[in-house]
Amino acid sequence: MTDQKLAIIVLAAGQGTRMKSQTPKLLHAIAGAPIVVHVLSTARALDAAHVLSVVRFERDRVAAVIEAAMPDSAIIDQDEVPGTGRAVEQAVAALPDDFDGDVLVLNGDVPLLDADTLGAFLAAHRDRGSAASVLSAIYDDATGYGRVVRGENGAFDRIVEQKDATAAELAISEINAGVYAFGVGALRDQLANLTTENAQGEKYLTDVIGLLRRAGSEVEAVAVAEPWLVAGVNDRAQLAEAGLRLNALIVRGWQLAGVTIQDPATTWIDLTAKLEPDVTILPGTQILGATVVATGATIGPDTTLVDCEIGEGATVKRTDATLAVIGRNATVGPFSYLRPGSILGADGKIGTFVETKNARIGDGSKVPHLSYVGDAEIGEGSNIGAGSIFANYDGVAKHRSEIGSHVRTGSHGVFVAPIRIGDGAYTGAGTVVRKDVPAGSLAVNVAPQRNIEGWVQKNRPGSAAAHAAESAIETDEH
């Protein structure tokens, strides 16, 4: 049920210069989704009446991602006045005049903070009736963070920034996580008192906390259970750390749901992937995008699946596949490359060093080795000989080949599209098929073999081959 007394503000206006990237920081991805999308997903889970995202740097790119992930989120454009205080000020001004609930402020670069943690934080804020609450964390090394200073009775006193802290305050391990809950009335009152009269010329949201304390309002600090929950992403190293942490949680979640994952350290699974119980994941495997793996399937080792559908009991080994469908009890690999549009039927096989693209391979059909199948349709129970090539491009346009059911093609065949091979037909080894083959026919176009005796001795005199040939001939004569 929607919480009509809750508004969430997502701060997404920062530039993120430490990423050293042309891509805005919040659009860098972990577990298959941009950082800011993780934050929006958490906001959605809290079911707030209002979600407002404040943008500025690369405004259009960031706004497009936010709108796609959460269409009902309001986009607020921060003006030329810098600072988190100004961002919140503009977002609060966009709330309905009669909104009288709580405002939860989230940073768009903190992707691991989950809805359960925030729900408990919000509940504590409301139970205590505080004007504001600060989410905090205990860090072994708090260098660089604002410290939460408490009084003798343990109650929140103030936030002191690193550059302003005394030696005693620098020894404090409790840090300000930059996540806040405010009663909207108190927040509106104090936002009006913010100024840019500081070294950076910005409106700081932390100044609201100081203003509330000086006005005698109650402010609480609530520490999270695990400090990594509030870890921000400011550079590529922190991006990798957040990704590693989230992946570990995802992998463990699937293990507890009945999936066998032999080596969690080398297994990567996106949040959007779906696995059924009794799937087995072997080392070095990546299951990415919207990939779905049915029960009993074995994936890996050394396999990457992107937006694929894997049927029950299928085996996919040492394979790179994108937008492919693999049927029940089918086998793929090792060393197969399935490009978009590859569909393998039940009990089918795509084998060693085979590449497929925009190809539908029917139930029980096999492409065992060393072949390329592009823009083709193969019926049921057919076998494509080793070293076969579907020549689908004439230099201008792509064309399709149709291979019927229960067809047997010889090794080292070339199928020059567009062609059709009828049901039950055969092709000889080394055949180049340029025209249709009727059902039940044998297609051959290889010239008769001709042996030129004595060629080696005449043309390669003195060579090892010539000596071997001469010895063999003498042996045969005797």
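Where is Gly289 placed, and in the loop between which strands? Some notes as you look around this predicted model.

1. Start with that glycine. Gly289 sits in the loop that runs between β16 (286-288) and β17 (292-293). Despite being in a loop, Gly289 counts as buried, because its relative accessibility is 17% and the cut-off for buried is under 20%.

2. What does Gly289 touch, once neighbours within four places in sequence are set aside? The contacts are Asp270, Thr272, Ala273 and Asp307. Take Ala273 as one of them: along the chain, Ala273 and Gly289 are 16 residues apart, and their C-alpha atoms are 5.9 Å apart in space.

3. Now move to the annotated positions. The unreviewed UniProt entry puts a "binding site" feature at Asp109 and Asn234. These positions are spread over 126 residues of sequence, yet they cluster in space, with a largest C-alpha distance of 7.6 Å.

4. Asp109 belongs to the loop between β6 (102-107) and α4 (115-128). Is Asp109 buried or exposed? It is buried, since its relative accessible area is 14%, and buried means under 20%.

5. Not counting residues up to four places away in sequence, Asp109 touches Lys25, Leu26, Ile35, Ala231, Gly232, Val233 and Asn234. So the list includes the other annotated position, Asn234.

6. Asn234 is also in a loop, this one between β11 (219-223) and α8 (236-256). Beyond its neighbours within four places in sequence, Asn234 is in contact with Arg18, Met19, Lys25 and Asp109.

7. Which side chain makes a polar contact with the side chain of Asn234? That would be Lys25, at 3.2 Å. The Lys25 side chain also joins the side chain of Asp109 through a polar contact of 2.8 Å. Lys25 is worth a look here, then, as a partner of Asp109 and of Asn234.

8. Last stop: Glu169, found in helix α5 (residues 167-170). With a relative accessible area of 10%, Glu169 is buried. Setting aside neighbours within four places in sequence, its contacts are Arg147, Val149, Arg158, Val160 and Asp164. Among them, Arg158 also has a side-chain polar contact with Glu169, at 2.2 Å.

Definitions and conventions
Residues are numbered from 1 along each chain as its sequence is written. This is a predicted model: local features need pLDDT of at least 70, side-chain atom pairs count only at pLDDT 80 or more; totals for chains, interfaces and linings use all residues. Side-chain values use heavy atoms; hydrogens and water are left out. UniProt positions are given in the numbering used here, feature names are shortened, and annotations may be inferred rather than shown by experiment. Helices (H or I, at least four residues) and strands (E, at least two) are DSSP runs, numbered from the N terminus. Buried means under 20% relative accessible area, exposed over 50%, partly exposed in between (1.4 Å probe, protein chains only). Contact means heavy atoms within 4.5 Å. A polar contact is a pair of N or O atoms within 3.5 Å; within protein, one must be able to donate a hydrogen and the other to accept it, and residues adjacent in sequence count only if both atoms are side-chain atoms.
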